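This briefing is meant for a reader meeting the structure for the first time.

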Amino acid sequence: MQDFARASALYGFDSLAEEYDLPWKSLLKEVGLPENTLDHLQGLVSYRRFLALLELSAKQANEPLFGMKLGLRQGITVLGPIVYLLNNASTVGEALSELRQYFHLHMGAAHVEVSPYGDKIQLAYRVLDPKQPGINHGAELALGVGRKLLKTLMGHNWKPHPMLLEHAPQAPLNAYRDLLGIAPQFNSDTTALLLDPDELDLPLSEADPALHQVIREHLDTLQRLSDLELPGYVGNLLRDLLPQGRVTVNQVADCMAMSRRTLQRRLGESGTSFQKVLDDTRQNMALRYLRDSQLQVTQLSDLLGYADLSAFSRAFSRWFGVPPSKWRPDNLA
């Protein structure tokens, strides 16, 4: 399961939480996310923990529409560089098609679908594991973002679109109506926004075809990293994932939308291996933490994703020539 989302999915969480007097750093910590998550919005977070955070926040704020409100507040900002591609597409339909194509760069735990739905077109949000706790809050957040995206793309042609949700209402219908101007249709067979087919042909007035091509090439590059760039990318990915727990080659391959065999083969072609990249990344992270923090050995072991302290101690001795208990700053000289 590709259980990840860009941390940008939490853009604006701190300000909304503060409006409800919620201790947002404590909430992050309670669900197992680093307190500095919002300082690194291009990093990765566990989607399960993201959903747990939405559910916990909604409960503590006594605001069942917390997820929807966060999505409406975020808008398209959460999509990172994909936004620039969409804004420079020639039509609404092209923009939504490219959102579907590149959405996995923003989130691996879900995908976007653009397809016929009766006499309408659905912009649907599909979570790969729909049985996760907090899924309803995540769905409402996603449709809040989708609504703001359509409003941005359509400009003066925008109108409130029918919103379909697979779950039952989480608040009275008038609360949804006050927030959205319409009441969603609940207990549906899809989680989606519905468009008229002719809306896909609406031109985007600010589109720049040359810029669109440049951005598309950049995003394609992210999907087809050269063998020389791949180890560095894997290392960056590991730095994001390790503090959340143990990391396997299968998890990293999932995050990169490739098979384990393909990842290992390409790393081999670049003159390295997954294990070597993992070991080098852990050593560099350990060095940074040793220089810049006062973490206990057990905390450092956890941050580097070791199963137990003895495994970390053996690796530490191999890197620096001394066990953690005997390490001193001058060992780095």
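Predicted model: local features only at pLDDT ≥ 70, side-chain atom pairs only at ≥ 80, totals over all residues.

**A residue and its neighbours**

Setting aside residues up to four places away in sequence, Gln 122 touches Glu 113, Val 114, Ser 115, Pro 116, Tyr 117, Thr 190, Ala 192, Leu 193 and Leu 194.

**Gln 122 in its strand**

- Gln 122 belongs to strand 4, which covers residues 120-127, and in strand 6 its bridge partner is Leu 194, a residue that is also among those it touches.
- With a relative accessibility of 5%, Gln 122 counts as buried because the cut-off for that term is under 20%.
- The side chain of Gln 122 is joined to the side chain of Arg 126 by a polar contact of 3.5 Å, and Arg 126 in strand 4 stands opposite His 111.
- Strand 4 as a whole is mostly covered, with seven of its eight residues buried.

- Four strands make up an open sheet, in which the order is 3-4-6-5 and the pairing is antiparallel.
- Strand 3 and strand 5 (163-164) stand at the edges of this sheet, and because each has a single partner strand, one side of each is left without a neighbour in the sheet.
- Helix 7, made of residues 135-154, packs on the sheet and touches strand 4, strand 5 and strand 6, while its direction makes about 30° with that of strand 6.
- Strand 3 (residues 110-117) runs antiparallel to strand 4, and eight bridges join the two.
- Strand 3 and strand 4 also form a hairpin with two residues between them, and in the turn Gly 118 has a positive phi of about 65°.
- On the pairing with strand 6 (residues 192-195), strand 4 is again antiparallel to its partner, and here the number of bridges is four.
- Within that pairing, Leu 123 stands opposite Leu 193 of strand 6.

**Two helices in contact**

- The axes of helix 4 (residues 66-74) and helix 8 (residues 173-180) come within 12 Å of each other and cross at roughly 5°, which means that helix 4 is roughly parallel to helix 8.
- On the side of helix 4 the contact is made by Met 68, Lys 69 and Leu 72, and on the side of helix 8 it is made by Tyr 176, Leu 179 and Leu 180.

**Two loop residues with positive phi**

- As background, most residues other than glycine have a negative phi.
- Asn 62, a residue other than glycine, has a positive phi near 55°, and its place is in the loop between helix 3 (47-61) and helix 4.
- The relative accessible area of Asn 62 is 68%, and Asn 62 is therefore exposed, since that term applies to values over 50%.
- Asn 187 likewise has a positive phi, near 55°, in a residue other than glycine, and Asn 187 lies in the loop between helix 8 and strand 6.
- Asn 187 counts as exposed because its relative accessibility is 57%.

Technical notes: Residues numbered from 1 in each chain as written. Heavy atoms only, no water. Buried < 20%, exposed > 50% of the residue type's maximum accessible area, 1.4 Å probe, protein only. Polar contact = N/O pair within 3.5 Å; in protein donor to acceptor, adjacent residues only side chain to side chain. Contact = heavy atoms within 4.5 Å. Axes fitted to C-alpha atoms, helices over the stretch in contact; angles between N-to-C directions. Parallel < 35°, antiparallel > 145°, perpendicular 65-115°, else oblique. Pairing = 2+ DSSP bridges.
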